[in-house]
Amino acid sequence: MIASVIASLRPDRQADRVVPPSGHTAWLTVFTAAAMTFLAVFALALSLASGRLAERWGGALANTATVRISAPPDQMELQTAAVLRVLETTPGIASARALTDDEQKALLAPWFGPDLPVEALPLPRLVEVVEGPDGYDGEGLRQRLAAEAPGAVLDDHTRWRRPLAVAASRLNLLGGLAIVLIGAAMAAMITLAANAALAANAQVIRVLRVVGARDDYIAAAFVRRFTLRTLAGSAAGAVLGLVGVALLPSVDEAGGFLTGLGFQGAGWLLPLLLPPVAAGVALIATRAAAFRTLRELP
Amino acid sequence: MIAFDNVAYNYGGGELLSDISLRLAPGSFHFLTGPSGAGKSTFLKLAYAELLPTAGRVTIFDRDVRGLTRDDVALVRRRIGVVHQDVQFLDHLPLAANVSLPLMVSGKAGDPRDMTDLLQWVGLGQLADALPPQLSGGERQRAALARAVIMGPDVILADEPTGNLDWEMSLRLLTLLVELNKMGKTILVATHDLNLIRTAKNQVAARVLRIRNRRIQLAGADL
């Protein structure tokens, strides 16, 4: 079987001549392969970007927590000091520090502008907590904070992190699923094109059978042609897709999720795997269609 | 070569051929005649394994056709040259490539000089580069004969080969078939052209078979 498949790909100029060179299935196959690979490149970029995003969000938020202290101005310093003491003595916490006014101002600047008079507003004090490698007992810490500093609330980011990570991993999954669906759609379209070509060349096949051609020989003539057309179309689609991804705005220009939609490092080479995979899909689809048709002939 | 033992063939619910027993000996020349629809083409299709008998046994080169795989059938057909009335070619290939098709599909390299000789033998030496749609009916039949013999087959089966030809062209084709028989090839020609059969009997010791009432019989003096 495998030897037969490999043999069907071996160039044979004589055998290639028996199938008429033109027909609407020729451009249909090339166009389908190009369009599907173009889409697959974007699906691949989406999948890889969402994977990176899930990792980044998870990594950035997983090891940090925030203690928010809301207290009257005359008690703010006392409660902040109490919170820091509690945190210093809590096992599993690597470090803790209160954000300065400038840092808090910087956090709020995107919403209120750079001239916000932080000191004039009753803003809560934020304490950044960095978790140690062994983690800490969140519930125990909450109870201790409640006892030492009644205005302190521990936010371990769980309620933010979980939906973000889930969303990113779902996007990653959807990207992979899109690639599989694109591959299946391409196989279906190439099968249809191959069936159309086989039907259009029924006379050719009958003549070849009468003069003693084996099924392998006849199938190979069609398989080779469809595989090479798919490879060519898919290569063109991959190149166009890569150009399209490269032309997306960079992170520096705009920021946000969409600007991360691209490839990084060796990831740029991954779309180059799509044409051989597409050619493999075409080979299997055309071979199955050809043998199905041939079996119906005497 | 080819043997039928009590062969029957049902087609569309009815029995087209029944209790057919026949042996085509090496080097023999047979005509098969009978009215249209009698089953001549079906008989030929059974003889080159395009159809399988519904009863009885057909053996080709000592092998039961029922035991042949599709690859075996292909190999058997390389030893049998077939000429149809409505011969089909690959219309996008020139005549020389069409005639050498059996060599091409069997992976054999043909000698260009042999091809030239063959085309000249069938009177198509000047048309080697012509495309099949450019050929007349007689030229197509002769091209089909050239294609049928290029592999040096043991048997040549012709199904109404002169059906679309005028008398002069029919005689020319018949002469070629007789020459092949004299070279030792086994020939079976299905035809309803009794004049052709009578003419052939003056040139070669041919047996004439007739299909009547689904059975095959040796034709006698009433021919």
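Trainee: Is Asp62(B) buried or exposed?
Mentor: This is a predicted model, so keep that in mind. Asp62(B) has 8, so it is exposed. Asp62(B) sits in the loop between strand E4 (55–60) and strand E5 (63–64) of chain B.

Trainee: What is the phi of Asp62(B)?
Mentor: Most residues other than glycine have a negative phi. Asp62(B) has a positive one, about 70°, although it is not a glycine. Asp19(B) also has a positive phi, about 50°. Asp19(B) lies in strand E2 (residues 14–24) of chain B. Asp19(B) is partly exposed, with 15 other C-beta atoms within 10 Å.

Trainee: Which residues touch the most other members of the largest nonpolar core?
Mentor: In soluble globular proteins, nonpolar side chains tend to be buried together. Here the largest core has 121 residues, and Phe222(A), Val99(B) and Leu157(B) are among those touching the most other members. Helix H3 (residues 24–62) of chain A gives the most to this core, 14 residues. A second, separate core has 13 residues, including Ala65(A) and Val127(A).

Trainee: What does Phe222(A) touch?
Mentor: Leave out residues up to four places away in sequence. Then its contacts are Val19(A), Ala194(A), Ala197(A), Leu198(A), Thr286(A) and Ala290(A).

Trainee: Which residues of chain A does UniProt list as "transmembrane region"?
Mentor: The unreviewed entry lists 26–49, 171–190, 226–248 and 268–290. In the model, residues 226–248 are 91% helix, with end C-alpha atoms 33 Å apart. Residues 268–290 are 74% helix, with ends 35 Å apart.

Note on methods. Residues numbered from 1 in each chain as written. Chains lettered and ligands numbered in written order. Predicted model: local features only at pLDDT ≥ 70, side-chain atom pairs only at ≥ 80, totals over all residues. UniProt positions renumbered as here; feature names shortened; annotations may be inferred. Helix = DSSP H or I, 4+ residues; strand = E, 2+ residues; numbered from the N terminus. Core = buried A, V, L, I, M, F, W, Y, C linked by C-beta atoms within 7 Å. Buried ≥ 20, exposed ≤ 12 C-beta atoms within 10 Å, placed from the backbone. Contact = placed C-beta atoms within 7 Å.
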